[in-house]
Amino acid sequence: VKGWIDDEGQSTQRIYDVAGTLDQRASVNLDTCEPGGEVDHRELCSVWRDPDFDPSKRALYYLRAIENPTCRYSHRACLSLDPIDRPEACGDERFPSTIQERAWSSPIWYTPSS
């Protein structure tokens, strides 16, 4: 993610896909909690250069990562029980069965040399 102040003084940001994409169609099998779909990135590593870099303007950069969906802890707990012993909450759709963890880095601040 790149952030900067535009020529009108407005805070602006732009998201660049550097490694992987949001449309991978990754999934999780809710009967087993095994990952499914397109799960082809076990590790991501990339070098990126800002295509719109202007050395005369301040900017900040940080990384955001979104994990493929995984089973929520409560769903795993329900699966560990015999179906007849599962509490009513195990079938309650108000409690999501999956989660997607997110992470972000500390920002890198760019200040032009005076």
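Ala, Val, Leu, Ile, Met, Phe, Trp, Tyr, Cys and Pro count here as nonpolar, Asp, Glu, Lys and Arg as charged, and the others, Gly among them, as polar. By these classes, the lining of the second largest pocket has seven nonpolar, four polar and three charged residues. The model is a predicted one, in which local features need pLDDT of at least 70 and side-chain atom pairs count only at pLDDT 80 or more, while totals for chains, interfaces and linings use all residues. Residues are numbered from 1 along each chain as its sequence is written, and side-chain values use heavy atoms, with hydrogens and water left out.

The second largest pocket has a volume of about 210 Å³, and of its 14 lining residues the closest to the centre are Ser74, His75, Ala89, Cys90 and Phe95. A pocket is an open set of points on a 1 Å grid over the protein atoms alone, where a 1.4 Å probe fits, with protein on both sides within 12 Å along at least five of seven lines, and lining residues have an atom within 4 Å of a point. The volume is the space filled by probe spheres set on the points, which are joined across faces, edges and corners.

The structure also holds two disulfides, each defined as a pair of cysteine sulfur atoms within 2.5 Å.

| Disulfide | S to S distance |
|---|---|
| Cys33 and Cys71 | 2.2 Å |
| Cys78 and Cys90 | 1.9 Å |

The torsion about the S-S bond of Cys33 and Cys71 is about -100°, so this disulfide is left-handed; for Cys78 and Cys90 the torsion is about -90°, so that disulfide is left-handed. Cys71 is buried, with a relative accessible area of 5%, whereas Cys90 counts as partly exposed at 25%; buried means under 20% relative accessible area, exposed over 50%, and partly exposed in between, with a 1.4 Å probe and protein chains only.

Three aromatic pairs are present, where rings of Phe, Tyr and Trp (its six-membered ring) pair if their centres lie within 6.5 Å, and planes under 30 degrees apart count as stacked, over 60 as edge-to-face and the rest as tilted. Tyr16 and Trp48 form a tilted pair, 4.9 Å centre to centre with 50° between the planes. The rings of Trp48 and Tyr61 have their centres 5.9 Å apart and their planes at 65°, so this pair is edge-to-face. Ring pairs thus link Tyr16, Trp48 and Tyr61 into a cluster, in which Tyr16 is buried at 15% relative accessible area, Trp48 is partly exposed at 34% and Tyr61 is buried at 14%.
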